[in-house]
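Me: I have a model on screen and want to learn how to read it. Can we go through it feature by feature?

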Amino acid sequence: MAFTRVAPVQVHVRTDWFSGRPREITWGDERLPITHLTALREEAAAYPVITGPRTLFEVETPRARLSLTFQHRSRRWTVTGVDERQAA
């Protein structure tokens, strides 16, 4: 498995009220429930000054594994990588 880099695509993400973890992604007309949080990386200490701090999530959905980025300064969610599942 390898992530395919994509141009950052803005998406709408619903998060857990208490933990802030993503629960559902709306990408265009498609809703993807998040089944598993694979990895979490917080870049709060070392980050580019222009973009500000961010948090990266690797999540699994029924259709694909995604790399999500939340930019704290602009409060934007983007998809930065996609790994589509192989049909069994």
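Me: Is Gln 71 buried or exposed, and why?

Reply: Keep in mind that this is a predicted model. Burial is judged by relative accessible area, and under 20% means buried. Gln 71 has 17%, so Gln 71 is buried.

Me: Where is Gln 71 found, and which residues does Gln 71 touch beyond four places away in sequence?

Reply: Gln 71 is found in strand β7. Leaving out residues up to four places away in sequence, Gln 71 touches Pro 53, Arg 54 and Arg 76.

Me: With which side chain does the side chain of Gln 71 make a polar contact?

Reply: That of Ser 74, at 3.4 Å.

Me: Now the core. How many residues has the largest nonpolar core?

Reply: A nonpolar core joins buried residues through side-chain atoms. The largest one here has 14 residues. Val 11, Ile 25, Val 59, Leu 66, Leu 68, Trp 77 and Val 79 have the most contacts inside it. Strands β6, β7 and β8 each supply at least two of its residues. The largest share, 4 residues, comes from β7.

Me: Why does Pro 22 count as buried?

Reply: Apply the same cut-off, under 20%. Pro 22 counts as buried because its relative accessibility is 4%. Pro 22 lies in strand β3.

Me: How far apart are Pro 22 and Val 59?

Reply: Check sequence and space separately. Pro 22 and Val 59 are 37 residues apart in sequence, and 8.4 Å apart in space, C-alpha to C-alpha. Pro 22 touches Val 59, and its other contacts beyond four places in sequence include Phe 57, Leu 68 and Trp 77.

Methods:
Residues are numbered from 1 along each chain as its sequence is written. This is a predicted model: local features need pLDDT of at least 70, side-chain atom pairs count only at pLDDT 80 or more; totals for chains, interfaces and linings use all residues. Side-chain values use heavy atoms; hydrogens and water are left out. A nonpolar core is a set of buried Ala, Val, Leu, Ile, Met, Phe, Trp, Tyr and Cys residues joined through side-chain atoms within 4.5 Å. Buried means under 20% relative accessible area, exposed over 50%, partly exposed in between (1.4 Å probe, protein chains only). Contact means heavy atoms within 4.5 Å. A polar contact is a pair of N or O atoms within 3.5 Å; within protein, one must be able to donate a hydrogen and the other to accept it, and residues adjacent in sequence count only if both atoms are side-chain atoms.
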